[in-house]
Amino acid sequence: ATLARQMTWCEVEFISDRPGKNENRISLGGGGQTTWRLAKLVQNAKKSIVIQSPYLVLSDDAIAIFRQVINRGVTVRINTNSLASTDNLQAFSGYRHMREGLLNMGFKIYEFKPNPDVQRRLMQSFSLAARQAPIFSLHAKTMVVDTQTVCIGTFNLDPRSENLNTEVGAIIHDKALARKVEASIEVDMAPGNSWD
């Protein structure tokens with residue numbers, strides 16, 4: 001009964017790429033349905049975009065789209081892994097190279113800490129915490145647009161997801177759920193959990 005009360009019934013779009021969206025398989029340039037649909041969500045934002053992604057390596061096309069929406073006054077906040085919490089040093093290196101440019105463009109970036117406050121609260125109930133707590137990192141791929149629409153899927157903010165990998169996702173049109181997901185991401189962006 002508790003689970004049934006937590007369920008939300010609403011409009012959901014399922015998006016997916018066809019396998020092998022980049023037939024070249026050597027260079028990036030395949031695009032795909034998920035790339036196109038997520039780009040449209042970003043382009044149509046009116047007030048805010050809140051994203052949680054383990055990697056933040058934007059292609060030139062993605063930068064151009066975000067530049068347009070930021071210049072229109074849309075606030076873009078992104079929660080991603082810090083060097084201390086990442087499991088992918090190569091992706092972090094790509095992000096680190098473009099970080100200053102993204103900040104200058106108007107992105108608000110929050111880097112997840114390896115030992116966030118949320119970890120301490122979660123691990124208090126496990127005896128493992130007394131021995132050695134694990135390093136926490138982000139792996140969610142979530143976007144909330146205008147506190148109305150939520151996208152949850154496999155798409156990372158990087159060129160591989162944009163052009164090579166076969167990705168899937170759900171675009172959920174429900175304001176109440178969007179508020180909850182955005183609030184959850186904001187907890188991870190809080191000073192005790194992320195550096196800004």
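In the second largest pocket, the largest share of the lining comes from α4, which gives three residues. I start there; keep in mind throughout that this is a predicted model.

That second largest pocket has a volume of about 190 Å³. Ten residues line the second largest pocket, and those nearest its centre are Asn88, Gln90, Ala91, Asp158 and Arg160. Two helices, α4 (89–105) and α7 (159–163), each supply at least two residues of this lining. By class, the lining of the second largest pocket splits into five nonpolar, three polar and two charged residues.

Next, the cavity. The structure holds one cavity of 30 Å³ or more, and the volume of the largest cavity is about 50 Å³. Which residues line the largest cavity? They are Pro54, Tyr55, Leu56, Thr80, Asn81, Thr86, Asn88, Ala91, Phe92 and Tyr95. Asn88 and Ala91 are in that list, and both are also among the residues nearest the centre of the second largest pocket. Here, too, α4 provides the largest share of the lining, with three residues. At least two residues each come from β3 (75–81) and α4. The lining of the largest cavity has six nonpolar and four polar residues, and no charged ones.

Now the largest pocket. Its volume is about 390 Å³. The largest pocket is lined by 30 residues, with Leu38, Ala39, Val42, Phe155 and Leu157 nearest its centre. The elements that give two or more residues to this lining are α2 (33–43), β2 (48–52), α3 (60–71), β5 (142–145), β6 (149–153) and β7 (168–173). Of these, α2 gives the most, with five residues. The lining of the largest pocket divides into 16 nonpolar, ten polar and four charged residues.

Glutamate 13 forms a salt bridge with arginine 37, with 2.9 Å between the closest N and O atoms. This pair links distant parts of the chain, glutamate 13 being in strand β1 and arginine 37 in helix α2, 24 residues apart. Buried or exposed, how does arginine 37 count? Arginine 37 counts as buried because its relative accessibility is 15%, under the 20% limit. Glutamate 13 is partly exposed, at 23% relative accessible area.

The other two share arginine 77. The side chains of arginine 77 and glutamate 182 meet in a salt bridge of 3.5 Å, N to O. Glutamate 182 is in helix α8 (residues 175–189) and arginine 77 in strand β3, 105 residues apart. Both of these residues are buried. Glutamate 186 also forms a salt bridge with arginine 77, the closest N and O atoms being 2.8 Å apart. Glutamate 186 lies in helix α8 and arginine 77 in strand β3, so this pair ties together parts that are 109 residues apart in sequence. Glutamate 186 is partly exposed, with 31% relative accessible area, whereas arginine 77 counts as buried at 18% relative accessibility. Taken together, Arg77, Glu182 and Glu186 are linked in a network of salt bridges.

Last, the surface. Leu3, Met7 and Trp9 make a nonpolar surface patch of about 450 Å². Methionine 7 lies in the loop between α1 (2–6) and β1 (11–16). Methionine 7 counts as partly exposed because its relative accessibility is 47%.

Methods. Residues are numbered from 1 along each chain as its sequence is written. This is a predicted model: local features need pLDDT of at least 70, side-chain atom pairs count only at pLDDT 80 or more; totals for chains, interfaces and linings use all residues. Side-chain values use heavy atoms; hydrogens and water are left out. Patches are made of residues with over 30% relative accessible area and no salt bridge: like charges are joined within 9 Å, nonpolar side chains (Val, Leu, Ile, Met, Phe, Trp, Tyr) within 5 Å. Accessible areas come from the Shrake-Rupley method with a 1.4 Å probe; for residues, only the protein chains shown count as cover. A salt bridge is a side-chain nitrogen of Lys or Arg within 4 Å of a carboxyl oxygen of Asp or Glu. Helices (H or I, at least four residues) and strands (E, at least two) are DSSP runs, numbered from the N terminus. Buried means under 20% relative accessible area, exposed over 50%, partly exposed in between (1.4 Å probe, protein chains only). On a 1 Å grid over the protein atoms alone, a cavity is a set of points where a 1.4 Å probe fits but cannot get out, and a pocket is an open set with protein on both sides within 12 Å along at least five of seven lines; lining residues have an atom within 4 Å of a point. Grid points are joined across faces, edges and corners, and a volume is the space filled by probe spheres set on the points. Ala, Val, Leu, Ile, Met, Phe, Trp, Tyr, Cys and Pro count as nonpolar, Asp, Glu, Lys and Arg as charged, and the others, Gly among them, as polar.
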